[in-house]
Amino acid sequence: NNASTGLTVTPRQISELPVSGRNYLDLLQLVPGVTINRQADPKGDNATPTLGERGGNTNFFIDGHPNKDTVNGGPAAQFNQDTIAEFQVLTTGYKAEFGQASGAIVNVITKSGGNRFHGVGSLFLRNDSLDSSNSLTANAPPPDLSRYDYSIAGGGPIIKDKFFFFASAERITENRQIDFTFPD
């Protein structure tokens, strides 16, 4: 018997649902009672309230190990989306073994290697040629923007049936112009 309530975000949801900025934790919004506060500092204590609790009252685990930022709330270490196999969010009735949370438990499971080599690579691009002009300024071109998000992940065997590896990396580069005109 398990009296806890929550949701498991599956590998299919992680890979197929659109996520702005490729932060898998945006998928927390799939869980009833969890919201993302877009006006808050993303690293702040009120960025991901759960059932009315502050974000700092949510405990994060990576493969069973604590990953909670006890000062600012949220996860202490960020992982790129290609590293995450699935994650479970428990909102109420979870066991005391998790502890240090009155909001929710986010238990993340990372991918692992196997007996076959596998991998994925991706490139996300956003730039000013893909943006529209500012509607407040007539015929003004969009502000300069160049954002690239590269990622690569792969795994496989080191010793067949016994020892495996998995690694991933992500890099984001961005150059942008501030779109602000001082009033006369």
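Residues are classed here by relative accessible area as buried (under 20%), exposed (over 50%) or partly exposed (in between), with a 1.4 Å probe and protein chains only. The structure is a predicted model, in which local features need pLDDT of at least 70 and side-chain atom pairs count only at pLDDT 80 or more, while totals for chains, interfaces and linings use all residues. Residues are numbered from 1 along each chain as its sequence is written, and side-chain values use heavy atoms, with hydrogens and water left out.

The predictor's confidence in each residue is given by pLDDT, on a scale from 0 to 100. Over the chain the mean pLDDT is 79, and 82% of the residues reach 70 or more. Confidence is lowest in strand S1 (residues 5–9), with a mean of 80, and highest in strand S7 (residues 145–159), with a mean of 90. Where pLDDT is low, the predicted coordinates should not be read in detail.

Secondary structure was assigned from DSSP runs numbered from the N terminus, with helices (H or I) of at least four residues and strands (E) of at least two. The chain contains 1 helix and 8 strands, and from the N terminus on its elements follow the order β-α-β-β-β-β-β-β-β. Of the 184 residues, 33% are buried. Contacts were defined by heavy atoms within 4.5 Å. Among contacts between residues at least 6 apart in sequence, 57% join residues at least 24 apart. Accessible areas come from the Shrake-Rupley method with a 1.4 Å probe, and for residues only the protein chains shown count as cover. The chain exposes about 11900 Å², of which carbon and sulfur atoms supply 52%.

Thr91, in strand S4 (residues 84–92), is buried, with a relative accessible area of 9%. Leaving out residues up to four places away in sequence, Thr91 touches Thr5, Gly6, Val31, Pro32, Val34, Thr50, Leu51, Gly103 and Ala104.

In one of them, the ring centres of Phe117 and Phe165 are 6.3 Å apart and the planes stand at 55°, so the pair is tilted. Phe117 lies in the loop between strand S5 (104–110) and strand S6 (118–127), and Phe165 in strand S8 (residues 163–176), so the pair ties together parts 48 residues apart in sequence. Phe117 is exposed, at 62% relative accessible area, whereas Phe165 is partly exposed, at 32%. Tyr148 and Tyr150 also form an aromatic pair, which is stacked, with 6.1 Å from centre to centre and 10° between the planes. Tyr148 is partly exposed, at 30% relative accessible area, and Tyr150 is partly exposed as well, at 39%.

Surface patches were built from residues with over 30% relative accessible area and no salt bridge, joining like charges within 9 Å and nonpolar side chains (Val, Leu, Ile, Met, Phe, Trp, Tyr) within 5 Å. A salt bridge is a side-chain nitrogen of Lys or Arg within 4 Å of a carboxyl oxygen of Asp or Glu. Phe117, Ile158, Ile159, Phe163 and Phe165 make a nonpolar surface patch of about 530 Å². The elements giving two or more residues to this nonpolar patch are S7 and S8. Phe117, by contrast, is found in the loop between S5 and S6.

Arg116 lies in the loop between S5 and S6 and is exposed, at 69% relative accessibility. Not counting residues up to four places away in sequence, Arg116 touches Gly155, Gly156 and Pro157. Arg116 and Pro157 are separated by 41 residues in sequence and by 6.5 Å in space, C-alpha to C-alpha.

Backbone geometry was also examined. Most residues other than glycine have a negative phi. Asp63, although not a glycine, has a positive phi of about 50°. Asp63 is located in the loop between strand S2 (58–62) and strand S3 (65–66) and is partly exposed, with a relative accessibility of 37%. Asp161 likewise has a positive phi, of about 65°, and is not a glycine. Asp161 is found in the loop between S7 and S8 and is exposed, at 55% relative accessible area.

How values were computed: Phe/Tyr/Trp six-rings, centres within 6.5 Å; stacked < 30°, edge-to-face > 60°.
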